[in-house]
Amino acid sequence: MGYSPNEASAAVSRCGIDAPLSELVDFISAAHLSKEADAEMDKLYFSSHPLQKDKKRKLPKEKSHSIKRYPKIERKRRDDDDDALHLPNPMIGFGVPRESFQVVSRTLRREAIGPPYFLYENVALTPKGVWNTIKSHLYEIEPEFVDSKFFCAAARKRGYIHNLPLNDRFPIQPLPPRSIFQALPATEKWWPSWDDREQLNCILTCVGSAQLTDRIRTALEKYDGVPDKHVKKYVMGQVKKWNLVWTGKNKVAPLEPDEIELIMGYPLYHTRGYSRSERYKGLGNAFQVDTVAYQLSVLKSLYPEGMNVLSLFSGIGGAEVALHKLGIPMKNVVSVEKSNVCRRIIEGWWEQTNQEGKLIHVSDVREVTDGKLEGWIRSFGGFDLVIGGSPCNNLAGGNRRTRDGLEGEHSSLFFDYVRILDTVKIIMGTT
DNA sequence: AATAAGATGAACAACGTT
DNA sequence: AACGTTGTTCATCTTATT
């Protein structure tokens, strides 16, 4: 039962860090560079997506007499009491690398304009109305919904609200592998032809059980070649639900923590030294580094001397890692994180990467009082970036028990993010 | 006491059909 | 327009094991 150290180290060698890059996802190109920010926003969020339109157009045959190309959207626009946000499809936000569609400008309310810059993150698929509430507390800025499958080998649908510039974004180099085979080359020899996955589903905090692996193996061993239709369907359903990969004949297994570290954009062994449960939890709750870094990349030219960062709900330090990988120096970082395991992970990383800046740890957002903020701001000369994703526990689809919305026990800490951001802006005199 | 393992659906969007 | 189908999801809790 469980996974032996041998399996674990074998799993490390499954990772293809230096695998060459090639196109695997079939992108539809579209050249749109709009100067009309508002028109673009409207197109992006209140109508069908431009890429989707092109996709439709490229289909060989189309029933052109049909008026109902987007029945759902039409229905929504009529019915909804503006409590449902439109998720872009494909979920590429204001643009992703290697895709010509880009939104390069937008208009923000005066009180939303930085500095300080800020970036807020949470899961895209919340209960209805949540993102509208979040948006209403963050200067009515339109969320940017991005799926990390455009940056790495796993899906990760997230919403980001930020006041960052949009022009001249750039990704971390080298671009990470985006297919399963590139990210996990050793799985290819065991991969059945009838498993058509090219990318993984979202990395969660829990993994599939060994019993499930056994059940799937038993089901497959009855067959010599291709299994029956219903067995195939059962297996595909389970491997997708639990994000399993092929590690042997008729054998599937969950991803190893080391593999997840690389897919999520962290250094290998970023979370090493802690229990598997802690590693899965920390990584499952984390930023996908490349995705966030793409949005933060515009700060590099603005802060060549480095930044003062207020990192809320830091987790395993996704924001810090992203800035570091972008080559943006950190002068002072105030990192707020409840879990002491996560705090130690950040501290370890801070040491290992020889950071010259100063790291200050706070264990609870409620300890971040006006007075503390005032002290830091006086000492540093202000925060340049306030970044963080508040707890998603009560919003996430995987939560069977307490998915009770933004007012839930943990997710309501969002309002502390708002409180702290507001206070920082007031003290810095930008409102 | 810490850790691992296993069991536990529903909400919601996307897509298809009628 | 309406309705059914398919698919995805930063989790929580209890129990067993170390």
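1. A quick definition before we start: contact here means heavy atoms within 4.5 Å. By that rule, and leaving aside residues up to four places away in sequence, Leu 299 touches Tyr 117, Leu 164, Met 307, Ile 328 and Leu 385. Please keep in mind as you read that this is a predicted model.

2. As general background, nonpolar side chains in soluble globular proteins tend to be buried together.

3. Leu 296 deserves a look of its own. You will find this residue in helix α11, which covers residues 289-296. Is Leu 296 buried or exposed? Leu 296 counts as buried because its relative accessibility is 0%, and the cut-off for buried is under 20%. Beyond residues up to four places away in sequence, Leu 296 touches Leu 119, Leu 164, Ala 322, Leu 323, Leu 326, Ile 328, Leu 385 and Ile 387. Take Ala 322 from that list: 26 residues separate it from Leu 296 in sequence, while the C-alpha to C-alpha distance is 8.0 Å.

4. What does its side chain pair with? The Arg 169 side chain makes a polar contact with the side chain of Glu 144, at 2.8 Å. Residues that Arg 169 touches, again not counting those up to four places away in sequence, include Phe 94, Gly 95, His 162, Tyr 294, Gln 295, Ser 297 and Val 298.

5. Finally, the cysteines. How many disulfides does a search of the whole structure find? The answer is zero. Cys 202, for one, is in no disulfide: the nearest cysteine sulfur belongs to Cys 392 and is 9.1 Å away, whereas a disulfide needs the two sulfur atoms within 2.5 Å. In terms of accessibility, Cys 202 is partly exposed, with a relative accessible area of 24%. Cys 206 is exposed, with a relative accessible area of 57%.

How values were computed
Residues numbered from 1 in each chain as written. Chains lettered and ligands numbered in written order. Predicted model: local features only at pLDDT ≥ 70, side-chain atom pairs only at ≥ 80, totals over all residues. Heavy atoms only, no water. Helix = DSSP H or I, 4+ residues; strand = E, 2+ residues; numbered from the N terminus. Buried < 20%, exposed > 50% of the residue type's maximum accessible area, 1.4 Å probe, protein only. Polar contact = N/O pair within 3.5 Å; in protein donor to acceptor, adjacent residues only side chain to side chain.
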